[in-house]
Amino acid sequence: MNHPPASVTTPPASLIARWLTENLNTLSGMDDLQIARRFGYARQGTIRQWKSGIHPVPPGAIFTLAEITGTHPEELFPLWAAQLLPPDSKEGKALTELAGRCVRPEAHALLARMKRAGITLSDITDEHLDLLRWMTASGHQRRSALGALEAV
(Lines give C-alpha, C1' and ligand atoms only; values in the text may rest on other atoms or scores of the structure.)
Protein backbone atom coordinates (compact mmCIF):
# COMPACT_ATOMS: atom_id res chain seq x y z
CA MET A 1 0.00 0.00 0.00
CA ASN A 2 1.36 3.42 -0.97
CA HIS A 3 1.25 6.14 1.65
CA PRO A 4 1.59 9.86 0.89
CA PRO A 5 4.92 11.42 1.85
CA ALA A 6 5.12 12.61 5.45
CA SER A 7 5.29 16.25 4.31
CA VAL A 8 1.85 16.07 2.66
CA THR A 9 -0.92 17.11 5.03
CA THR A 10 -4.64 16.76 4.57
CA PRO A 11 -6.56 20.01 4.98
CA PRO A 12 -8.87 20.17 8.01
CA ALA A 13 -12.40 18.95 7.38
CA SER A 14 -14.38 21.69 9.12
CA LEU A 15 -14.38 25.47 8.98
CA ILE A 16 -13.49 25.78 12.66
CA ALA A 17 -10.62 23.30 12.24
CA ARG A 18 -9.32 25.27 9.26
CA TRP A 19 -9.61 28.56 11.18
CA LEU A 20 -7.77 27.09 14.17
CA THR A 21 -5.02 25.70 11.95
CA GLU A 22 -4.55 29.03 10.19
CA ASN A 23 -4.98 31.43 13.12
CA LEU A 24 -4.86 29.97 16.62
CA ASN A 25 -1.12 30.03 17.28
CA THR A 26 -0.48 33.31 15.50
CA LEU A 27 -3.32 35.26 17.10
CA SER A 28 -2.83 33.80 20.57
CA GLY A 29 0.95 34.06 20.55
CA MET A 30 1.03 30.60 22.14
CA ASP A 31 2.08 27.15 21.02
CA ASP A 32 -0.28 24.17 21.20
CA LEU A 33 0.98 23.07 24.62
CA GLN A 34 0.43 26.53 26.13
CA ILE A 35 -3.07 26.63 24.60
CA ALA A 36 -3.81 23.14 25.92
CA ARG A 37 -2.80 24.20 29.40
CA ARG A 38 -5.06 27.23 29.13
CA PHE A 39 -7.91 24.77 28.61
CA GLY A 40 -6.74 22.60 31.50
CA TYR A 41 -5.17 19.82 29.42
CA ALA A 42 -1.75 18.42 30.32
CA ARG A 43 -0.81 17.77 26.67
CA GLN A 44 -1.44 19.41 23.33
CA GLY A 45 -3.14 16.39 21.71
CA THR A 46 -6.68 17.74 22.11
CA ILE A 47 -5.77 21.06 20.49
CA ARG A 48 -4.14 19.25 17.56
CA GLN A 49 -7.22 17.06 17.20
CA TRP A 50 -9.42 20.16 17.05
CA LYS A 51 -7.15 21.63 14.39
CA SER A 52 -7.20 18.46 12.30
CA GLY A 53 -10.95 18.02 12.69
CA ILE A 54 -10.51 14.58 14.30
CA HIS A 55 -12.53 15.74 17.32
CA PRO A 56 -15.11 18.53 17.23
CA VAL A 57 -14.44 21.68 19.19
CA PRO A 58 -16.77 21.67 22.21
CA PRO A 59 -19.16 24.63 22.47
CA GLY A 60 -17.67 25.78 25.77
CA ALA A 61 -14.31 26.31 24.08
CA ILE A 62 -15.60 29.16 21.89
CA PHE A 63 -15.28 31.83 24.58
CA THR A 64 -11.76 30.84 25.59
CA LEU A 65 -10.68 30.62 21.96
CA ALA A 66 -12.14 34.08 21.38
CA GLU A 67 -10.41 35.44 24.46
CA ILE A 68 -6.93 34.09 23.68
CA THR A 69 -7.08 35.12 20.01
CA GLY A 70 -8.69 38.53 20.50
CA THR A 71 -11.60 37.42 18.32
CA HIS A 72 -15.29 37.97 18.98
CA PRO A 73 -17.18 34.77 19.89
CA GLU A 74 -19.76 35.74 17.26
CA GLU A 75 -17.09 35.30 14.59
CA LEU A 76 -16.24 31.80 15.80
CA PHE A 77 -19.75 30.52 16.44
CA PRO A 78 -20.84 30.01 12.80
CA LEU A 79 -17.54 28.25 12.09
CA TRP A 80 -18.10 26.04 15.12
CA ALA A 81 -21.74 25.34 14.22
CA ALA A 82 -20.81 24.29 10.68
CA GLN A 83 -18.93 21.28 12.08
CA LEU A 84 -22.27 19.88 13.27
CA LEU A 85 -23.89 19.76 9.83
CA PRO A 86 -23.06 17.56 6.85
CA PRO A 87 -21.16 19.90 4.49
CA ASP A 88 -23.16 18.75 1.45
CA SER A 89 -26.56 19.28 3.07
CA LYS A 90 -28.63 22.35 2.22
CA GLU A 91 -28.25 23.55 5.80
CA GLY A 92 -24.52 22.88 5.80
CA LYS A 93 -24.05 24.81 2.57
CA ALA A 94 -26.15 27.70 3.88
CA LEU A 95 -24.24 27.87 7.14
CA THR A 96 -20.90 27.59 5.35
CA GLU A 97 -21.93 30.44 3.05
CA LEU A 98 -23.04 32.59 5.97
CA ALA A 99 -20.02 31.70 8.09
CA GLY A 100 -17.75 33.58 5.74
CA ARG A 101 -19.90 36.67 6.10
CA CYS A 102 -20.84 36.61 9.78
CA VAL A 103 -17.88 38.57 11.00
CA ARG A 104 -19.58 41.94 10.60
CA PRO A 105 -22.15 43.26 13.11
CA GLU A 106 -24.74 43.86 10.39
CA ALA A 107 -24.64 40.17 9.46
CA HIS A 108 -25.24 39.20 13.07
CA ALA A 109 -28.16 41.63 13.22
CA LEU A 110 -29.60 40.05 10.08
CA LEU A 111 -29.34 36.56 11.55
CA ALA A 112 -30.98 37.77 14.77
CA ARG A 113 -33.89 39.23 12.76
CA MET A 114 -34.25 35.94 10.88
CA LYS A 115 -34.38 34.06 14.17
CA ARG A 116 -37.02 36.43 15.59
CA ALA A 117 -39.04 35.98 12.41
CA GLY A 118 -38.93 32.21 12.90
CA ILE A 119 -36.82 31.51 9.81
CA THR A 120 -34.70 28.38 10.22
CA LEU A 121 -31.95 27.04 7.98
CA SER A 122 -34.35 24.44 6.61
CA ASP A 123 -36.60 27.28 5.35
CA ILE A 124 -33.85 28.92 3.31
CA THR A 125 -34.19 28.63 -0.47
CA ASP A 126 -31.66 29.52 -3.16
CA GLU A 127 -33.48 32.84 -3.57
CA HIS A 128 -33.05 33.50 0.16
CA LEU A 129 -29.34 32.73 -0.14
CA ASP A 130 -29.01 35.19 -3.02
CA LEU A 131 -30.76 37.85 -0.96
CA LEU A 132 -28.59 37.10 2.08
CA ARG A 133 -25.46 37.33 -0.07
CA TRP A 134 -26.59 40.73 -1.32
CA MET A 135 -27.54 42.00 2.14
CA THR A 136 -24.25 40.92 3.70
CA ALA A 137 -22.03 42.01 0.81
CA SER A 138 -19.70 44.92 1.33
CA GLY A 139 -20.37 48.22 -0.40
CA HIS A 140 -17.55 47.49 -2.83
CA GLN A 141 -19.05 44.09 -3.74
CA ARG A 142 -22.46 45.68 -4.33
CA ARG A 143 -20.99 48.44 -6.52
CA SER A 144 -19.11 45.84 -8.58
CA ALA A 145 -22.26 43.73 -9.05
CA LEU A 146 -24.34 46.77 -10.05
CA GLY A 147 -21.60 47.97 -12.40
CA ALA A 148 -21.63 44.59 -14.13
CA LEU A 149 -25.43 44.83 -14.58
CA GLU A 150 -25.22 48.36 -16.04
CA ALA A 151 -22.73 47.16 -18.63
CA VAL A 152 -25.24 44.62 -19.96
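This is a predicted model: local features need pLDDT of at least 70, side-chain atom pairs count only at pLDDT 80 or more; totals for chains, interfaces and linings use all residues.

Q: How many aromatic pairs does the structure hold?

A: The structure holds three aromatic pairs. One of them is formed by F39 and W50, with 5.1 Å from centre to centre and 90 degrees between the planes, and this pair is edge-to-face. Planes over 60 degrees apart count as edge-to-face. The pair links distant parts of the chain, 11 residues apart: F39 lies in the loop between α2 (32-38) and α3 (45-52), and W50 in helix α3.

Q: Is W50 buried or exposed?

A: The relative accessible area is the value to consult, and buried means under 20%. W50 has a relative accessible area of 3% and is therefore buried.

Q: How are the rings of F77 and W80 arranged?

A: Again one reads the centres and then the planes. The ring centres of F77 and W80 are 5.5 Å apart and the planes stand at 35 degrees, so this pair is tilted. Both residues belong to helix α5, three residues apart, which is about one turn of the helix. As to accessibility, F77 is partly exposed, with a relative accessible area of 46%, whereas W80 is buried, with a value of 11%.

Q: Which elements make up the protein as a whole?

A: From the N terminus on, the elements run α-α-α-α-α-α-α-α-α. The protein has nine helices and zero strands. Of its 152 residues, 32% count as buried. Among contacts with a separation of 6 or more, 52% are accounted for by residues 24 or more positions apart.

Q: How is the packing of two helices described?

A: Two packed helices are described by the angle between their axes and by the distance between the axes. Helix α4 (residues 61-69) and helix α5 (residues 73-82) illustrate this, packing at an angle of about 130 degrees with their axes 9 Å apart. That angle makes α4 oblique to α5. The crossing in which α4 passes α5 is right-handed.

Q: Which residues make the contact of α4 with α5?

A: On α4 they are I62, F63, L65 and A66, and on α5 they are P73, L76 and W80. By class, this contact of α4 with α5 comprises seven nonpolar residues, no polar and no charged ones.

Q: Which residues of α4 are buried, and what covers them?

A: The buried residues of α4 are A61, I62, L65, A66, I68 and T69. Their cover includes α1 (15-28), α2, α3 and α5. After α4 comes G70, which has a positive phi, near 70 degrees.

Q: How do α1 and α5 pack?

A: The angle and the axis distance are read as before. α1 and α5 pack at an angle of about 130 degrees, and their axes are 6 Å apart. α1 is therefore oblique to α5. L15, I16 and W19 of α1 make the contact with L76, L79, W80 and A82 of α5. By class, the contact of α1 with α5 has seven nonpolar, no polar and no charged residues. L76 and W80 are also among the α5 residues that make the contact with α4.

Q: How do α1 and α3 pack, and what classes of residue make up their contact?

A: The angle between α1 and α3 is about 125 degrees, and the axes are 6 Å apart. This makes α1 oblique to α3. The helices meet through A17, L20, T21, L24 and N25 in α1 and I47, W50, K51 and S52 in α3. These residues of the contact of α1 with α3 divide into five nonpolar, three polar and one charged. Lys counts as charged, and K51 is one of the α3 residues in this contact.

Q: Is K51 buried or exposed, and where does K51 lie?

A: K51 is found in helix α3. The relative accessible area of K51 is 11%, so K51 counts as buried. The C-alpha atoms of K51 and L20 are separated by 5.5 Å, although the two residues are 31 residues apart along the chain.

Methods: Residues are numbered from 1 along each chain as its sequence is written. Side-chain values use heavy atoms; hydrogens and water are left out. Axes are lines fitted to C-alpha atoms, for helices over the stretch in contact, and angles run from 0 to 180 degrees between N-to-C directions. Helices (H or I, at least four residues) and strands (E, at least two) are DSSP runs, numbered from the N terminus. Angles under 35 degrees count as roughly parallel, over 145 as roughly antiparallel, 65 to 115 as roughly perpendicular and the rest as oblique. A crossing is left-handed if the near helix is turned anticlockwise from the far one by less than a right angle, and right-handed if clockwise. Contact means heavy atoms within 4.5 Å. Rings of Phe, Tyr and Trp (its six-membered ring) pair if their centres lie within 6.5 Å; planes under 30 degrees apart count as stacked, over 60 as edge-to-face and the rest as tilted. Buried means under 20% relative accessible area, exposed over 50%, partly exposed in between (1.4 Å probe, protein chains only).
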